[in-house]
Amino acid sequence: MKIVFATNNQHKLSEIRQILGSRVEVLSLKDIGCDVDIPETGTTLEENALQKARYIYDHYHMDVFADDTGLEVEALNGAPGVYSARYAGEGHDSEANMSKLLKELGDNNNRKARFRTVIALIQQEVHKEIPCVHEFEGIVNGEIIRERRGGEGFGYDPIFQPDGYSETFAELGTDIKNLISHRARATQKLCAFLQNAK
């Protein structure tokens with residue numbers, strides 16, 4: 001079985017390939033010759049993930065999945081959410097994003113937050129004219145701490161402390177994060193589905 005993961009993020013790619021093993025061949029955008037910056041104009045994580053997957057399916061006619069992730073902070077009514085990567089502007093500046101988030105929260109004692117990943121899968125199934133669309137969600141709950149801690153990870157990892165841990169994602173390191181994270185949970189559901197579908 002061959003399937004395209006609509007990403008050129010090598011970290012995500014190797015993580016997925018490791019989980020799926022040799023039974024499923026996972027191709028990147030580079031592998032299929034796609035160098036287009038696929039637009040993400042949705043107002044939800046679900047819309048963005050599906051938009052990326054549909055673009056590849058429509059243009060390359062291959063089974064494909066895509067993901068989108070957001071940090072949702074309770075006291076900010078779910079913000080930054082779908083705008084997490086560009087919360088402080090279009091530059092995808094993690095430091096600026098964290099600074100803005102900490103400033104917006106201020107002294108608020110409600111620090112509850114969650115990371116949420118949505119994966120959209122589009123597959124052409126035998127004897128069906130219309131491709132099937134499936135969605136998988138992964139959530140990890142936690143809280144936003146008041147100052148950055150840790151040097152690993154990316155994005156909001158230095159200020160997000162998952163429930164049940166006294167360390168931030170940036171302190172836990174990638175090995176532990178990849179076992180418990182929102183993306184890992186969504187990916188595990190996807191992998192279970194693909195392995196059962198073969």
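**Aromatic pairs in the predicted model.** Five aromatic pairs are found in the structure, a pair being two rings of Phe, Tyr or Trp (its six-membered ring) with centres within 6.5 Å, called stacked if the planes are under 30 degrees apart, edge-to-face if over 60 and tilted for the rest. F115 and F169 have ring centres 6.0 Å apart and planes at 20°, so this pair is stacked. Because F115 belongs to strand 5 (residues 112–123) and F169 to helix 4 (residues 169–172), the pair ties together parts that are 54 residues apart in sequence; helices (H or I, at least four residues) and strands (E, at least two) are DSSP runs numbered from the N terminus. This is a predicted model, in which local features need pLDDT of at least 70 and side-chain atom pairs count only at pLDDT 80 or more, whereas totals for chains, interfaces and linings use all residues. Residues are numbered from 1 along each chain as its sequence is written, and side-chain values use heavy atoms, with hydrogens and water left out.

**The aromatic cluster around F169.** F115, F160 and F169 form one aromatic cluster. Both F115 and F169 are buried, where buried means under 20% relative accessible area, exposed over 50% and partly exposed in between (1.4 Å probe, protein chains only). F160 and F169 make a tilted pair, with 5.2 Å from centre to centre and 45° between the planes. The relative accessible area of F160 is 0%, so F160 is buried, and F169 counts as buried because its relative accessibility is 1%.

**Lysines placed over aromatic rings.** K100 lies over the face of Y87, at 4.4 Å from the ring centre, and the charged end of K177 sits over the ring of F154, 4.3 Å from its centre. A charge is taken to sit over a ring if NZ of Lys or CZ of Arg is within 6 Å of the ring centre and within 35 degrees of the ring normal.

H61, in the loop between helix 2 (45–60) and strand 3 (64–73), has a phi near 55°, a positive value in a residue other than glycine. H61 is exposed, with a relative accessible area of 61%. N77, in the loop between strand 3 and strand 4, also has a positive phi, near 55°, and N77 is exposed at a relative accessible area of 76%. A cis peptide bond, with omega about 0°, joins A79 and P80, and P80 lies in strand 4 (residues 80–81).

The largest pocket holds about 1100 Å³ of space; a pocket is an open set of points on a 1 Å grid over the protein atoms alone where a 1.4 Å probe fits, with protein on both sides within 12 Å along at least five of seven lines, and lining residues have an atom within 4 Å of a point. Grid points are joined across faces, edges and corners, and the volume is the space filled by probe spheres set on the points. Of the 39 residues that line the largest pocket, K12, E40, D68, A85 and H92 are the closest to its centre. Strand 3 gives the most to this lining, with five residues.

**The second largest pocket.** About 170 Å³ of space lies in the second largest pocket, whose lining includes H11, S14, T174 and Q188. Helix 1 and helix 5 are the elements that give two or more residues to this lining, and helix 1 gives the most, with five residues.
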